[in-house]
Amino acid sequence: MATSKTTDISAKKTSAKKAAPKTDTPKTKSASPRKKSVKPSIITSEERYKMIEVAAYYIAEKNGFGDSHMDYWLQAEKEIDHKLNA
């Protein structure tokens, strides 16, 4: 009797492992006829100021707030301007 239970269990396992039928058609999205162009975003002076302010804080924090605040500001200003012009 032990053998019949083993075969029943193994039969159930093999039937559960059947793979779904494969299709030959690829499941990719069709390419759109027009490519979307990326518009450059316009940054206001207030947004630029806030970006520099946040960057200066993180630079100062990284350096232990040891230098002059103007040094941090100028370094942040240079980094942000470089990123905005890139």
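Which helix do the buried residues of helix 3 pack against? The buried residues of helix 3 pack against helix 2. The model is predicted, with local features requiring pLDDT of at least 70 and side-chain atom pairs pLDDT 80 or more, while totals for chains, interfaces and linings use all residues. Residues are numbered from 1 along each chain as its sequence is written, and side-chain values use heavy atoms, without hydrogens and water.

**View 1. The length of helix 2.** Helices are DSSP runs of H or I with at least four residues, numbered from the N terminus. Just after helix 2, Gly-64 adopts a positive phi of about 75°.

View 2. Buried denotes under 20% relative accessible area, exposed over 50%, and partly exposed in between (1.4 Å probe, protein chains only). Ile-52, Ala-55, Ala-56, Ile-59 and Ala-60 are the buried residues of helix 2. They cover an arc of only 135° around the axis, so they lie on the same side of helix 2. The arc is that of the directions from the helix axis to the C-beta atoms. Glu-46 and Tyr-58 are exposed on the other side.

**View 3. Helix 3 against helix 2.** Helix 3 (69-85) is included in what covers the buried residues of helix 2, where contact means heavy atoms within 4.5 Å. Within helix 3, Tyr-72, Ala-76 and Ile-80 are buried. These residues fall within an arc of 55° and therefore line one face of helix 3. On the other side of helix 3, Lys-78, His-82 and Asn-85 are exposed.

Definitions and conventions
Helices (H or I, at least four residues) and strands (E, at least two) are DSSP runs, numbered from the N terminus.
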